[in-house]
Amino acid sequence: VVHRRLRSCRRVLPTIVDDGSGRKPLDAAIPMPEGLGMDVCDDPGERALVAPEAVDDLVAALAARGYTVIGPTVRDGAVVLDEVAGRSDLPVGWGDAQEAGTYHLVPRGDDALFGYAVGPHSPRRFLSPPRRRLWSATRRDGRLVFEEQDPPPTRYAFLGVRACELAAVEVQDRVFRTGAAADPTYVALREAAFVVAVNCGAPAPTCFCTSMGTGPSVERGHDLALTEILDPPHRLLVEAASQAGREVLAALPHRPATDGDVAAARAVVNAGAGRMTRRMDPVAARDVLAANLEHPRWDDVASRCLSCTNCTLVCPTCFCSTVEDSTSIDGLRAERAQRWDSCFTLDHSYLHGAGAVRDDTRSRYRQWLTHKLSTWWDQFDVSGCVGCGRCITWCPAAIDLTEEVAAIAGPPEEDR
């Protein structure tokens, strides 16, 4: 038996709106054009309770439906995303300690399956691969034969996706799926994907999704949502948000969720939200950066930034890429590949005849931060930051973008 409840839903878009009195955050339901926005429901619909062991059944059910299941696993001292075959592949009993420039795994002392925050990987790695071949050319019988790379047939099921990561997928959708130049590979992978999200109860000190309105509670963009309840007995509340999700849920051993289970799950999420201490107002950040392009803080942060590109590599919303052409030594084969790029590289702003437009770290860091937090709004009507904190954790210089915005928002040091 699965609890089935009536749902009160509204069509919303997490962006900004101009109602004639100025641009402001959209935090309420408004009429929207057909095809835009998503259904956000006050009640997620069907709920059931499963034991931790049912994760094996979940992975098996997804595999039986033709999905390659991508989930969290421990490798190289971090929680990363990779193909998983069952519960034993998950980071059982592991948490993570994160701060600016710091990451390490810590034993939790329990059997939590999802007791970590976020690692360096996100769904971006699979929906928009770091490198992929676009086309190849082979010399045959004196002729060049071109072969275009077809979209991959892989169907991914993502297990353990956090609310901030779902928000990041929505952001990338605007670039690769619904933008002016849709990427057929991204579209194929995205539309075939199945998402098992997890309500976050263990945020890192670097997280600030509550400020960005992107978590820690999962609201949209998923097929199933899990909330791990560690209070004995250890159990998972499962909420189905799509027909595909309901079909998978029906295949799992489960029992009805009680009001007590639902309250316990809600307490997990509320506790997680209460542990976040970093703050950043996304609308204020947009306006502050746009008005302070020559602030002395840019020189200060440039003296610390290594231009290593770590922040852009771990960011779940960054989308810059470049293309590379290569030819075999015998000259019989050539190919063009697309790979991730970063605005921190010198070649990123290279113009023929002019060289690199942004030829120092100051200009490259300013480009990254102002685009991410300010001009992204002009392009996509939403911030490019979802508050996951990865760029803070994985920065070897421990640069914290929330601190940089706060410093720029205040008066220059000489005036303090």
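Let's start with the open sheet. Four strands form it, in the order β11-β10-β17-β16, and the pairing is antiparallel. The edge strands are β11, residues 143-148, and β16, residues 321-327. Each of those two pairs on one side only. On average, neighbouring strands here are turned by 15° against each other, direction ignored. Keep in mind that this is a predicted model.

How many bridges join β16 to β17? Seven, and the two strands run antiparallel. Take serine 321 as an example: its bridge partner in β17 is tryptophan 340.

On to the aromatic rings. The count comes to 15 aromatic pairs. I'll show two of them.

Tryptophan 298 and tyrosine 365 form a tilted pair. Their centres are 6.4 Å apart, with 55° between the planes. Where do the two residues lie? Tryptophan 298 is in helix α9, residues 297-302, and tyrosine 365 is in helix α11, residues 361-380, so the pair ties together parts that are 67 residues apart in sequence. Buried or exposed? Tryptophan 298 counts as buried, at 1% relative accessibility. Tyrosine 365 is buried too, with a relative accessible area of 3%.

The second pair is phenylalanine 344 with tryptophan 368. This pair is also tilted: 5.9 Å centre to centre, 50° between the planes. It links distant parts of the chain, 24 residues apart. Phenylalanine 344 is in the loop between β17 (333-340) and β18 (350-351), while tryptophan 368 is in helix α11. Phenylalanine 344 has a relative accessible area of 3%, so it is buried. Tryptophan 368 counts as buried at 5%.

Rings also group together. Which residues do ring pairs link into a cluster? Phe176, Tyr186, Phe319, Trp376 and Phe380.

Next, charges over rings. The charged end of arginine 155 sits over the ring of tyrosine 67, 4.1 Å from the ring's centre. Arginine 286 lies over the face of tryptophan 377. There the distance to the ring centre is 5.2 Å.

Last stop: serine 122. You'll find it in the loop between β9 (102-107) and α2 (124-127). Is serine 122 buried or exposed? Buried: its relative accessible area is 4%, and the cut-off for buried is under 20%. What does serine 122 touch, leaving aside neighbours within four places in sequence? It is in contact with Leu81, Glu165, Pro316 and Arg390.

Notes: Residues are numbered from 1 along each chain as its sequence is written. This is a predicted model: local features need pLDDT of at least 70, side-chain atom pairs count only at pLDDT 80 or more; totals for chains, interfaces and linings use all residues. Side-chain values use heavy atoms; hydrogens and water are left out. Rings of Phe, Tyr and Trp (its six-membered ring) pair if their centres lie within 6.5 Å; planes under 30 degrees apart count as stacked, over 60 as edge-to-face and the rest as tilted. Buried means under 20% relative accessible area, exposed over 50%, partly exposed in between (1.4 Å probe, protein chains only). A charge sits over a ring if NZ of Lys or CZ of Arg is within 6 Å of the ring centre and within 35 degrees of the ring normal. Contact means heavy atoms within 4.5 Å. Two strands pair if DSSP finds at least two bridges between them. Axes are lines fitted to C-alpha atoms, for helices over the stretch in contact, and angles run from 0 to 180 degrees between N-to-C directions.
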